Amino acid sequence: MAAHLRENSQVPTEGWSDWKRAMVPPQTKGRNLQQRGQNQVGSISSSIRDAFSAEAEDCGIYEWQARKSGQPNRVVYVGSTCRGKAGALRDRILEYGRNGSHKKDLVNDALRKGYELWVRVKVSKARENCRKDAERMENELLAKYNYAWNIRNNVAVRSILP
């Protein structure tokens with residue numbers, strides 16, 4: 001099991017993109033917002049489609065962060081692309097935005113509680129076998145940190161969003 005709770009750890013920056021706002025709670029107003037998929041809470045920021053460079057069409061890893069005024073920012077999840085399914089970083093992030101993917105209950109709960117969900121990416125630099133490199137990067141983080149929404153290498157999903 002990972003030793004450090006991710007939400008209490010310093011956020012590394014080397015090789016990572018900047019954080020980008022991806023999803024917002026239902027009461028949020030703005031021009032660049034689109035309704036999420038059927039039975040999904042909140043809206044997706046339409047600017048997330050173009051938020052990452054063309055490199056985001058490759059394999060890599062991503063982290064999700066929950067943000068709410070008056071609360072500390074909490075990194076809650078790490079995942080990789082090209083793991084089990086083909087897909088680029090951008091495609092995977094848009095899948096979460098539309099329907100929450102396999103974390104839809106956690107995503108909807110966070111949005112109902114008034115949290116925004118932000119995302120950042122780290123592209124695999126491997127020229128060959130980028131899928132294995134993305135898995136390696138994800139596994140290294142899971143070995144070091146206990147992410148609240150990850151099950152692998154953790155005991156269970158943790159509820160940390162008040």
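In the predicted model, residues 24 or more positions apart account for 68% of the contacts (heavy atoms within 4.5 Å) that have a separation of 6 or more. Residues are numbered from 1 along each chain as its sequence is written, and side-chain values use heavy atoms, with hydrogens and water left out. Because the model is predicted, local features need pLDDT of at least 70 and side-chain atom pairs count only at pLDDT 80 or more, whereas totals for chains, interfaces and linings use all residues.

The protein contains three helices and eight strands, these being DSSP runs numbered from the N terminus (helices, H or I, at least four residues; strands, E, at least two). The order of the elements from the N terminus is β-β-β-β-β-β-α-α-β-α-β. The radius of gyration, taken over C-alpha atoms, is 15 Å, close to the 15 Å that the globule rule gives for 162 residues, so the protein is as compact as a globular protein of that length. The globule rule is 2.2 Å times the number of residues to the power 0.38. Along the principal axes, the C-alpha atoms fill a box of roughly 45 × 35 × 25 Å.

Of the 162 residues, 49% are buried, where buried means under 20% relative accessible area, exposed over 50%, and partly exposed in between (1.4 Å probe, protein chains only). The protein exposes about 8600 Å², of which carbon and sulfur atoms supply 46%; accessible areas come from the Shrake-Rupley method with a 1.4 Å probe, and for residues only the protein chains shown count as cover. The mean positions of the 29 positive and 18 negative charges are 6 Å apart. Lys and Arg count as positive and Asp and Glu as negative, with His and the chain ends not counted; each charge is placed at NZ of Lys, CZ of Arg, CG of Asp or CD of Glu.

Most residues other than glycine have a negative phi. N39, although not a glycine, has a positive phi of about 65 degrees. N39 lies in the loop between strand 3 (33-35) and strand 4 (43-45) and is exposed, with a relative accessible area of 67%. S101, also not a glycine, has a positive phi of about 50 degrees. This serine is located in the loop between helix 1 (89-99) and helix 2 (104-112), where S101 is buried at a relative accessible area of 15%.

A search of the whole structure finds zero disulfides, a disulfide being a pair of cysteine sulfur atoms within 2.5 Å. C130 is in no disulfide, and the nearest cysteine sulfur, that of C59, is 3.1 Å away. C130 is partly exposed, with a relative accessible area of 25%.
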